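Here is a short briefing to read alongside the structure. Please keep the view open as you go through the points.

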Amino acid sequence: MIHFLKHAHRKLLITKLYSKYVSDNATIQQDVEQTVLVRGCRVNPNTTKKKFHHLMLYYPEFAHVFFWRINARYHPWKPYFVRDFNCKIFGSTKIAGGLMCYHPFATVINAKSIGKNFQFRNSLTIGNKFNDNTLVPVIGDNVVVGANVAIIGDITIGNNVIIGAGSVVVKDVPSNSVVAGNPAKIIRSLHNE
């Protein structure tokens, strides 16, 4: 009975969060749609509201991104949905819609900007060089980053890029590339795919 009441309470909170923050926010709606698409969730009815409910109930990683989006680091309802991931996304980092993460443990993101449909995994470091926050990366659209990756300095990552797990990226990466290694090197082009 207690589990049922907690679940019902969370659903009520989600309904209020949706009305206040999601119903008129295209960026958060893009996060919802991209996360459902990439994770292969089947939600019925197929509405943004129902998808948001599903993600908030079953994907604490999504909830973490949501509370960052609404700039609510200490929101009183956050503990109902989010675990302590030790993930920091700098408030100065501009990230377009479609942001999605898998297990955002031990992650720090400090970039000038990140384009749409950015995906990342655990132990990601995106940051400055020489402790100078003017020397941070710009990351394009449709970039997928593996686990344990470091992207450091005043560099540009193009569009449609895949960065392999364990890579250290300290130089520009052109669009339509797969890079991996330490230091990261282009291992394949995506032009013909």
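**Helix packing**

T27, I28, D31, V32, T35 and R39 in α2 meet E61, F62, V65, F66 and R69 in α4, where contact means heavy atoms within 4.5 Å. By class, the residues of this contact of α2 with α4 are five nonpolar, two polar and four charged. Here Ala, Val, Leu, Ile, Met, Phe, Trp, Tyr, Cys and Pro count as nonpolar, Asp, Glu, Lys and Arg as charged, and the others, Gly among them, as polar.

Do keep in mind that this is a predicted model, in which local features need pLDDT of at least 70, side-chain atom pairs count only at pLDDT 80 or more, and totals for chains, interfaces and linings use all residues. Residues are numbered from 1 along each chain as its sequence is written, and side-chain values use heavy atoms, with hydrogens and water left out.

- Two packed helices are described by the angle between their axes and the distance between the axes.
- For helix α2 (residues 26–39) and helix α4 (residues 60–69), the angle is about 165 degrees and the axes are 11 Å apart.
- α2 and α4 are therefore roughly antiparallel to each other (angles over 145 degrees count as such).
- The crossing of α2 and α4 is right-handed.

**The open sheet**

- Five strands form an open sheet in the order β1-β4-β7-β10-β13, with parallel pairing; two strands pair if DSSP finds at least two bridges between them.
- At the edges stand β1 (87–89) and β13 (168–169), each with a single partner strand, so one side of each is left without a neighbour in the sheet.
- β1 runs parallel to strand β4 (residues 107–109), and three bridges join them.
- Within this pair, K88 stands opposite V108 in β4.

- Strand β14 (residues 177–180) pairs with β15 in the antiparallel sense, over four bridges.
- V178 stands opposite R188 in β15.
- Four residues lie between the strands of this hairpin, and G181 takes a positive phi near 110 degrees.
- Strand β15 (residues 185–189) lies largely in the open, because the number buried among its five residues is zero (buried means under 20% relative accessible area, with a 1.4 Å probe and protein chains only).

**A closer look at D172**

- D172 sits in the loop between β13 and β14.
- With a relative accessible area of 54%, D172 is exposed (the cut-off is over 50%).
- D172 touches I155 and T156, not counting residues up to four places away in sequence.
- From D172 to K116 the separation is 56 residues in sequence and 19 Å in space, C-alpha to C-alpha.

Terms used. Helices (H or I, at least four residues) and strands (E, at least two) are DSSP runs, numbered from the N terminus. Axes are lines fitted to C-alpha atoms, for helices over the stretch in contact, and angles run from 0 to 180 degrees between N-to-C directions. Angles under 35 degrees count as roughly parallel, over 145 as roughly antiparallel, 65 to 115 as roughly perpendicular and the rest as oblique. A crossing is left-handed if the near helix is turned anticlockwise from the far one by less than a right angle, and right-handed if clockwise.
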